Amino acid sequence: MGCLHAPPSAEKVTSEVHTDAAASVPVAAPPPPAPAQVAAPAVAPRPWSDEVLYFVVVDRFADGDATNNLQVDAKAPGTFHGGDFKGLREQLDELSSLGVTALWITPVVKNIDGFVTGAGFPDWGYHGYWAEDFHQLDPRFGSEQELKALVDAAHQRGIRVLLDVVYNHPGYNSRYQKDPQTSGWLRSQEQGTCGQDDVTSCVSGLPDFKTEEPEVAKYLLDAQLDWGKRSGVDGFRLDTVKHVDHPFWKEHRRRTREELGPDFFLLGEVWGGDRESLDPWFSGDELDAGFDFGFQGSALAWVQGRGRTVAFDAYLRSRHKVRKGYLLSHFLSSHDVPGALFQLGGDKARFRLAAVLQLTTTGMPVIYYGEEVGRLGGDWPANRGDMPWGERRVGPGAGLPRDESLRQFYQRLVALRRAHPALSRGSHKGLTTEGDVYTFVRHDPESGDAVVVAVNRGGKKASVSVPWPEAWGGAAARDLLDGSGLEPGPTLEITVEALSARILGRAL
């Protein structure tokens with residue numbers, strides 16, 4: 001949840017800029033007609049299970065238009081830093097050259113003009129989760145034409161786009177609280193009407209929409225689905241799913257399929273979610289996928305030598321028990337938790353092992369912007385720092401160091417995942433699950449593809465012997481990372497250097 005960092009006591013909102021024009025727009029006013037657009041070529045159909053998703057906090061990625069930089073101070077942690085649609089569009093080659101196939105962007109609607117004071121410093125809605133008006137885009141991100149141009153440019157590169165949307169709450173002291181026509185739509189701490197359960201509580205002290213009321217639900221659905229139509233995005237990332245009731249999500253699914261197409265994708269955030277806790281939303285066909293919050297902790301613990309390998313293998317196998325037709329999405333870093341590299345104390349060798357595990361196991365992997373070039377992350381708000389651009393003159397992260405060798409490693413991993421269906425769709429079988437060398441095989445019977453992954457978390461070189469994969473037959477094999485060959489035999493003899501990994505496949 002983008003709002004999680006704000007403490008419940010952070011209710012006071014200070015407004016430095018509040019234009020009369022913005023204040024005079026009726027809350028429920030419909031948006032103007034969409035300008036005529038030339039549709040970009042549709043992304044070629046492929047299973048969402050094959051996607052590699054890249055997550056961007058728009059304000060922190062790239063500044064392409066200095067004229068929309070309102071209240072910008074790139075040196076302060078809680079202010080706007082200037083990133084916008086144009087900047088992201090101009091840097092899409094950064095994503096396509098990495099090999100990612102889908103892009104998730106933070107919410108784009110107009111956010112509150114003021115800042116929250118309860119965090120200990122001025123904290124603005126740069127992240128997009130504190131809506132002021134669901135019928136306007138935030139001008140600091142750019143115009144509707146620029147949003148549409150971003151989506152079209154992504155599609156031209158074969159990249160799908162997910163738009164982050166929030167139904168549970170607006171921002172602190174937004175116009176929805178102040179307008180008599182809509183103030184009754186909300187529970188709030190000021191009124192003492194917040195409940196104690198997931199649906200009626202006021203998350204982080206934010207006003208809570210009564211989404212169970214038809215009038216409120218229709219207003220929010222009309223607004224967000226309209227942005228889906230006008231922008232041409234391929235799906236929504238849904239914030240705070242468990243804080244909105246199931247009837248709302250059923251109606252949401254019905255309307256997205258009817259109005260945005262039968263394949264419009266819904267990726268939901270159920271805080272702390274895993275295969276089992278997400279199932280109520282899968283069983284009701286309310287989502288297509290949900291985040292597996294357990295992956296980060298499990299993977300980082302294992303690469304640091306905490307916990308038995310057999311237990312980690314059992315966890316990875318359990319992820320394959322997700323309800324058929326639905327997906328888990330797993331991350332190493334995000335805007336709501338400390339970054340993986342930070343949690344590893346900057347240890348890039350172990351971070352590479354975690355990246356190998358993320359990109360060779362089941363589910364839809366999410367790469368959080370900049371972690372592929374060594375952005376450390378850190379505790380909030382450092383986990384939302386600027387994209388490092390090194391010597392490139394791209395704000396706001398121009399001059400921030402980046403690790404190009406790490407990025408090249410990510411490129412190889414992403415390319416391997418895209419080239420081998422076994423890595424995204426295959427079964428999972430542990431081959432060696434004791435000690436520091438973890439070896440497993442992924443096998444996709446439909447394509448006949450099989451890949452063996454060996455990861456050594458130990459401080460010494462080690463060797464393992466496993467059966468030669470049946471799917472390889474009598475063909476030779478090769479290391480898919482370094483290209484070295486392996487002769488066929490009854491067993492596969494694998495030597496793995498300390499703190500390194502090998503990914504092996506049939507030689508073509």
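What pLDDT does the protein chain average, and what share of the residues score at least 70? This is a predicted model, and its chain averages a pLDDT of 92, with 91% of the residues at 70 or above. There are a couple of stretches to watch out for, though. Residues 5-12 have a pLDDT below 50, and the model gives this stretch 25 contacts beyond near neighbours in sequence. Residues 15-41 also stay under 50, with 42 contacts beyond four places in sequence.

Now for the barrel. Eight strands close up in the order S2-S3-S7-S10-S11-S12-S13-S14, and the pairing is parallel. On average, neighbouring strands are turned by 25 degrees against each other, ignoring direction. For one of these pairings, look at S13 (residues 327-331) and S14 (residues 364-368): they run parallel and are joined by three bridges. Here you'll find Ser329 standing opposite Met364 in S14.

Helix H4 packs on this sheet, where it touches strands S3 (102-105) and S7 (160-165). The direction of H4 makes about 145 degrees with that of S7.

H4 (residues 144-156) also has a helix partner, H6 (residues 214-231): the two pack at an angle of about 65 degrees, and their axes are 9 Å apart. H4 brings Glu144, Leu147, Lys148 and Val151 to this contact, while H6 brings Trp227, Arg230 and Ser231. Sort the residues of that contact by type and you get three nonpolar, three charged and one polar.

Note on methods: Residues are numbered from 1 along each chain as its sequence is written. This is a predicted model: local features need pLDDT of at least 70, side-chain atom pairs count only at pLDDT 80 or more; totals for chains, interfaces and linings use all residues. Side-chain values use heavy atoms; hydrogens and water are left out. Axes are lines fitted to C-alpha atoms, for helices over the stretch in contact, and angles run from 0 to 180 degrees between N-to-C directions. Helices (H or I, at least four residues) and strands (E, at least two) are DSSP runs, numbered from the N terminus. Contact means heavy atoms within 4.5 Å. Ala, Val, Leu, Ile, Met, Phe, Trp, Tyr, Cys and Pro count as nonpolar, Asp, Glu, Lys and Arg as charged, and the others, Gly among them, as polar. Two strands pair if DSSP finds at least two bridges between them. pLDDT is the predictor's confidence in each residue, from 0 to 100.
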